Structure formats: C-alpha cells, structure tokens
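Please look over the chain shown here before reading on. This briefing goes through selected local features, topic by topic.

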Amino acid sequence: MRPSVPALDIKITRPDASGLFPRKRLFRRLDEERKRPIIWVSGPPGSGKTALVSSYLETRKFPCLWYQVEKGDADIGAFFHYLNLAVKKAAPRKKKPLPPFTPESLPEISRFARRYFEELYGRVKVPSVLVFDNFERLGARSTFVEVIREGFSRLPRGVNAIVLSRIGPPPVFSRKRASNRMGLIGWKDLRMTSEETEGVARMHGKRKFSGEAVRDLQRRSDGWAAGLMLLLARSSMDGIEPQNLSRRAPEEIFAYFAKEMYDRMGPRTRNFLIKTAFLPGMTGEMGRRLIGYGDMGRILSYLNRHHYFIEAIPGDEPSFRYHALFREFLLSRARREFSPAELSRIRTTASKVLEESGHLVDAVSLLREDGDWEGLARMIQAHARLLVRQGRGQT
C-alpha cells in the first residue's frame, strides 16, 4: 500500500526554510565546497544539517531535488519509483519518462543506475542541487548505496549532490574522497559559534540578550543547535533569562536524547555510555580500567566518528569527552538504572581511575558526591604534600 500524500510530500519536498537563522559562515563554506561535485554533511541529530542546507538553497535560489531516505528505500524498486516522483516535482515540464526499473534490471543494477542518472541529469537546470537527507538510515553495503555511488559518478559540471547523514561517508565513497571529488562538512563545522548563538537567540526571543545570557547559552548548548533551541524554548516558556534556568537540563533535552539515540542502542552500548559518563574526560585506557573489558580506544573512536555527542581531543594518546548536556543526560540515566550500591561502586572505581591518571580534582568530586569520607581523607593524605608544593594549597 502506498503512503498517503502528505507523507509522500515530506519525502520529496525541501523543508521550509522561513524563520531560520542564516548561517553565513557555513553558506560561504558551502559555496567553496560546491567546487567539488559531492558535499557530505555529517553531524549528530539536531546539529542543524537539514536546516543549514535548506536555508542555503533558499538563500542562493538554487533549484533542487530533495529526497528523504527511509528504510523502505532498501527495496531498490521503491527507491526508483519515489525518485521518479521527485524528478517530476523538480522538472514538471519534462514529459518523457525515465528508464523504468524492472526485476530484470537488478542483475545489472550498476549499469541501469548509470543510464538512469545520466537521463535524470539531462532534465535538471544548471546550476542545481540534489539532496539526499537521512542517508544513515540504510546500511553502507546496501544496493541503495551502490546505486547512489554510480549515480554520483555521472554528475555533470554545475550539478551538485549534497548528502546529509549522522555518520561520515561509507567506504564505497573512499575513491571520491581520495580524488578530491567530495567535500566534507562535519560536527566541528556545524557547531554554532557564540555569534550564531546570539543571532539565533535574538531571532527566537525578538529581543537583545545580555552577554551573560549568551555566554551561558553557548556554554550549556556547546554549539548544538537543537540543545540551544530547547533551552530558549524553556527560557521563553518560564519567562526567565537562560542563565537563571535550573542547573539541570530541561526535560525536553533529555527526552530528545532518549528518543533519537539512547533508546535505539543495545544494552551493552548503553551500559558503556552511562558508566563512562562518570569520567569528565577519558583516554581509551581509562575507559578500559573503568569498564574492565575491550579496546575502549577503538570504541570511543567509533562513537566519535558516528557523532554520539563525544569529542576527540588530539594528543599522543587521544582523549575523549561527552557533550555537556549529553553527559548530564547519561548521569541522570545512571541514577535511574543503577541501585545506590551500584552507583557507589561505579563512583569509587571512576575516582580511582581519575586519581591514577592525575585528575585529582575530578576524583575528589566523585568521592564527595558518594559521601566516601574515608576515601577522601586517604586521597588528601596521599596528595596534599604534592599539591602544596605545586602552589595548589587552596585545592
């Protein structure tokens, strides 16, 4: 049974860009990246990927074909059916039908895809842009990805493909990257600057925010667009300045993390996340000592590449830290999912790992939170002399 018309419209229609803050810094970046045929934009949920590209296309007045990828597109016949509809929407005056996909096309799908996209590109204006949103919804080895790769290999000059995804390009696109035919815009680029935070806040509240309010919004959201909007919404709802919000994140943010990420993970991954959240920052070795198994450096690198709100900090041994709001969410989950005795054991182990790694202040904070006064006294006796010698007697 085919989906209803509204659902179909959403699938092949560019989202409305009215009322969005124009991120001119990234507009210029997209202008530069358009020198390459393919642009891959990746970042965590709520990082503003779709809003950025939709507002960019609206501002630059580029014709576009917008396609929202769904799991049903794994049926490659369904994909070509809906892509036909998207092409008709983008080029309504072109009446000649595109090559029809039939079961006989499947054994030679690469050849069919090349011929199909060559004819598709002959129907679009120059310049124009093809956008594939939510690309991560299909696995990297699916027939769909192979078809897209073949289609992108036929992009003519003046026509760009923009892919929006929560993860970076799969291996099948490695040659595109190596040959400099693919531009990349990632989470570090998408993070909002203080100036952008102030601009969004002003548009949202239709008033001037104090410097203190902007700094607090930037610190708490850490450049995450969805987090900023949720903080602003709560501030507006409660009628107070953002810096006067409760120190705890609004419930809406926690619900967002739960729906978009946490509830979709397996129990082993969830267990890893909520336990390592007790470490303000960590190396792979610190994570291994806390959890007690596995190659934590590899796991942390994987989480960073797939934008699980974890940031990699370069060094001789890379270290990692969670986004402040995501860490707050994980710690709240830990309090919900672990018994008091289990929480105490985790804090004790995490404190020991931090102490052994030289992070004494963070180790002490965990002992104080746990009410472990004996452990705190031991740590003072063990390290006070060194701290005083370093001029850190107040600590």
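The model is predicted. Three strands make up an open sheet in the order S6-S8-S7, with antiparallel pairing. Helix H4 and helix H6 cross at roughly 45°. Arg-333 is buried, and Glu-355 is buried too.

**The sheet and its helix**

- S6 and S7 (310-313) are the edge strands, each with a single partner strand, so one side of each lacks a neighbour in the sheet.
- Helix H15 packs on this sheet and touches S6, S7 and S8. The direction of H15 makes about 115° with that of S7.
- S7 and S8 (residues 319-322) run antiparallel and are joined by four bridges.
- Ile-310 has Tyr-322 of S8 as its bridge partner. Ile-313 is bridged to Ser-319, also in S8.
- S7 and S8 form a hairpin, with five residues between the two strands.
- Strands of a sheet pair through backbone hydrogen bonds, in parallel or antiparallel fashion.

**Helix H14: one buried face**

- Helix H14 spans residues 284-291. Its buried residues are Gly-284, Met-286, Gly-287, Leu-290 and Ile-291.
- Why do the buried residues of H14 line one face of the helix? Seen down the axis of H14, they fall within an arc of 160°, so they line one face.
- An α-helix has 3.6 residues a turn, so residues three or four places apart point the same way.
- The cover over the buried residues of H14 includes helix H13 (267-276), strand S6 (282-283), helix H15 (296-305) and helix H17 (340-356).
- Gly-292 follows H14 and has a positive phi, near 95°.

**Helix H10 and the residue after it**

- Helix H10 covers residues 211-221. Its buried residues are Ala-213, Val-214, Asp-216, Leu-217, Gln-218, Arg-220 and Ser-221.
- Asp-222 follows H10, with a positive phi near 55°. Asp-222 lies in the loop between H10 and helix H11 (225-238).
- Asp-222 counts as partly exposed because its relative accessibility is 27%, between the limits of 20% and 50%.

**Helix H4 against helix H6**

- Two packed helices are described by the angle between their axes and the distance between the axes.
- The axes of H4 (residues 76-90) and H6 (residues 143-152) come within 9 Å. They cross at roughly 45°, which makes H4 oblique to H6.
- The contact uses Ile-76, Phe-79 and Phe-80 from H4. From H6 come Thr-143, Phe-144, Val-147 and Ile-148.
- The crossing of H4 and H6 is right-handed.

- Arg-333 sits in helix H16 (residues 324-337). Is Arg-333 buried or exposed? Arg-333 has a relative accessible area of 11%. That is under the 20% limit, so Arg-333 is buried.
- Leaving out residues up to four places away in sequence, Arg-333 touches Ala-258, Tyr-262, Asp-263 and Ile-274.
- Glu-355 belongs to helix H17. Glu-355 counts as buried because its relative accessible area is 13%.
- With residues up to four places away in sequence left out, Glu-355 touches Leu-360, Ala-363, Arg-378, Met-379 and His-383.

**Backbone features to check**

- Most residues other than glycine have a negative phi, and most peptide bonds are trans.
- Where is the cis peptide bond with omega of about 0°? The cis bond joins Val-126 and Pro-127.
- Pro-127 lies in the loop between helix H5 (109-121) and strand S3 (128-133).
- Asn-180 has a phi near 65°, a positive value in a residue other than glycine. Asn-180 lies in the loop between helix H7 (174-178) and strand S5 (182-185).
- Asn-180 has a relative accessibility of 46%, so Asn-180 counts as partly exposed.
- Asp-222 is another residue other than glycine with a positive phi.

Conventions. Residues are numbered from 1 along each chain as its sequence is written. This is a predicted model: local features need pLDDT of at least 70, side-chain atom pairs count only at pLDDT 80 or more; totals for chains, interfaces and linings use all residues. Side-chain values use heavy atoms; hydrogens and water are left out. Buried means under 20% relative accessible area, exposed over 50%, partly exposed in between (1.4 Å probe, protein chains only). Contact means heavy atoms within 4.5 Å. The arc is that of the directions from the helix axis to the C-beta atoms. Two strands pair if DSSP finds at least two bridges between them. Axes are lines fitted to C-alpha atoms, for helices over the stretch in contact, and angles run from 0 to 180 degrees between N-to-C directions. Angles under 35 degrees count as roughly parallel, over 145 as roughly antiparallel, 65 to 115 as roughly perpendicular and the rest as oblique. A crossing is left-handed if the near helix is turned anticlockwise from the far one by less than a right angle, and right-handed if clockwise.
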